[in-house]
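Here is a short tour of a two-chain model, written for someone who likes to keep the structure open while reading. Please have a look at it first.

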Amino acid sequence: MADTNPIDQFKIKTIADISVGDLNLSFTNSSYFMLVAAILVMGLLAMAMSKRALVPNRAQSVAELMYEFVAGMIRSTAGDKGLKFFPFVFSLFAFILMGNMLGMLPYFPAPDFKGFTFTSHIIVTFALAMLVILVVVGYGVINHGLKFFSFLFPAGVPWPLWILLTPIELISFLSRPITLGVRLFANMLAGHILLKVFASFIVMLGSVGALGAIGAVAPFVMVVALTALEFLVAFLQAYVFAVLTCIYLSDALDPGHH
Amino acid sequence: MAIEAPGEGAEYAAEAAFPPFDPTYFASQLFWLAISFALLYFVLSRLILPRIGGAIEERKDKIADNLDAAADMKSQADETVEAYEKELAEARTRAQAVAAEAKAEVDKEIAEATRQADTELEAKLVESEKRIQAAREAALADVKTIASEAAAAAAEHLAGLDVSEADAAKAVDAARG
């Protein structure tokens, strides 16, 4: 009997115990999937570009398409100046996309043969979001000094209104890493739970008898539809994360144009 | 396992933490995320992305080069066509000039020849008229002689008169008035 607990898929299992002092740095199934995602992205892109032909084959076309896609995304949101962050945004996009897509596989050549979605763990998505915000603030402060914080005082507004607007801007700025991280995490978590819940309905109904087995067709159809939807969400959330990163980066590139 | 595995099955609802919020593995997650992402970032930014960008750039350059070459060739072809047309027009003008010159020359020659022929004909005509005049005069003179001879002969025959030639001529002249 398959286990029907929809939360099980998020459990972290230690593969190799590693601890430094009090810190538990164990290599887990989550770590495994992160490494696999990184290696897959690198390996697939390297393989696609191995020939580096003038007339690209299919794999190279896909790699170039992805490159142009991310470059276009940066250009349209942050302008040409934003292209200095291209490797960063591309890595984020590719890493999250690969993580989300690996999460769509129910089975995977992992130590326990089960799939795992590291983007469904809030600490991971929050860390990625914090990384983005730190890059934005770091670049902004280094290049513009205190002028970077001029976004707190919107231009073209009579200064007494700043009493009202500055706290709002501050809150919206501080909530960025939270919303950025939670959006990805919640989407992946909710989608995977939903899939598992409907999938467990199939098993439960199927075990009731003939009538149940017929009734199980409904959740089965639902699971198929949800799986398609989840693939869309997996791509979309990686895209949204990358686009928001670009928008926040554009603030760091020229503060004041808020 | 370092962390006790929660029991499978019925008591999962009672488990302490929802796995995504379980802080037990936060350090491990962050550590391995940092390693994976840093690895990915460095390999992509140093090796793979420049390779993809280079390939795209190279293709763009190649296409731009080819387009430039094509534009060059086209302008060259245009120039050649222009030069050809210019030469053709020049040749045509020259040919027309030559033709006009030749025509003028021929016209002149024809006029000259016509004039010469006219003069010759005129001269011949005048001479002929002179000759005819002379012939007529001669004939007329002959007629006079014949008439006077005939008159003398007639007079001798009819009247038996012996008329001298001079008298006969006088009589003929008088008769002719």
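This is a predicted model: local features need pLDDT of at least 70, side-chain atom pairs count only at pLDDT 80 or more; totals for chains, interfaces and linings use all residues.

Residues are numbered from 1 along each chain as its sequence is written, and chains are lettered from A and ligands numbered from 1 in the order in which they are written.

**Chain A**

Chain A has seven helices and four strands, arranged along the sequence as β-β-β-β-α-α-α-α-α-α-α. Helices (H or I, at least four residues) and strands (E, at least two) are DSSP runs, numbered from the N terminus. The C-alpha trace of chain A spans about 75 × 55 × 45 Å along its principal axes. Of its 258 residues, 38% count as buried. Buried means that 20 or more other C-beta atoms lie within 10 Å of the residue's own, exposed means 12 or fewer, and partly exposed is in between, with C-beta atoms placed from the backbone.

Back to α4(A): its buried residues include A:Ile122, A:Leu128, A:Val132 and A:Gly140. The cover over the buried residues of α4(A) includes α3, α5 and α7 of chain A together with α1 of chain B. After α4(A) comes A:Gly145, with a positive phi near 60°.

**Where the chains meet**

In all, 42 residues of chain A are in contact with 37 residues of chain B; two residues are in contact if their C-beta atoms, placed from the backbone, lie within 7 Å. On the chain A side, α1(A) gives the most, with 10 residues. That side divides into 27 nonpolar, 10 polar and five charged residues. Here Ala, Val, Leu, Ile, Met, Phe, Trp, Tyr, Cys and Pro count as nonpolar, Asp, Glu, Lys and Arg as charged, and the others, Gly among them, as polar.

**Two helix pairs**

Two packed helices are described by the angle between their axes and the distance between the axes. Axes are lines fitted to C-alpha atoms, for helices over the stretch in contact, and angles run from 0 to 180 degrees between N-to-C directions.

| Helix pair | Angle | Axis distance |
|---|---|---|
| α1(A) and α1(B) | about 5° | 8 Å apart |
| α1(B) and α2(B) | roughly 110° | within 8 Å |

The angle of about 5° makes α1(A) roughly parallel to α1(B). Angles under 35 degrees count as roughly parallel, over 145 as roughly antiparallel, 65 to 115 as roughly perpendicular and the rest as oblique. Residues making this contact include A:Met34 and A:Leu45 of α1(A), and B:Trp32 and B:Leu44 of α1(B). By class, the contact of α1(A) with α1(B) has 15 nonpolar, five polar and no charged residues.

Within chain B, α1(B) and α2(B) cross at roughly 110°, which makes α1(B) roughly perpendicular to α2(B). Among the residues in this contact are B:Lys144 and B:Ala147 of α1(B), and B:Glu165 and B:Val172 of α2(B). The contact of α1(B) with α2(B) divides into seven nonpolar, one polar and three charged residues.
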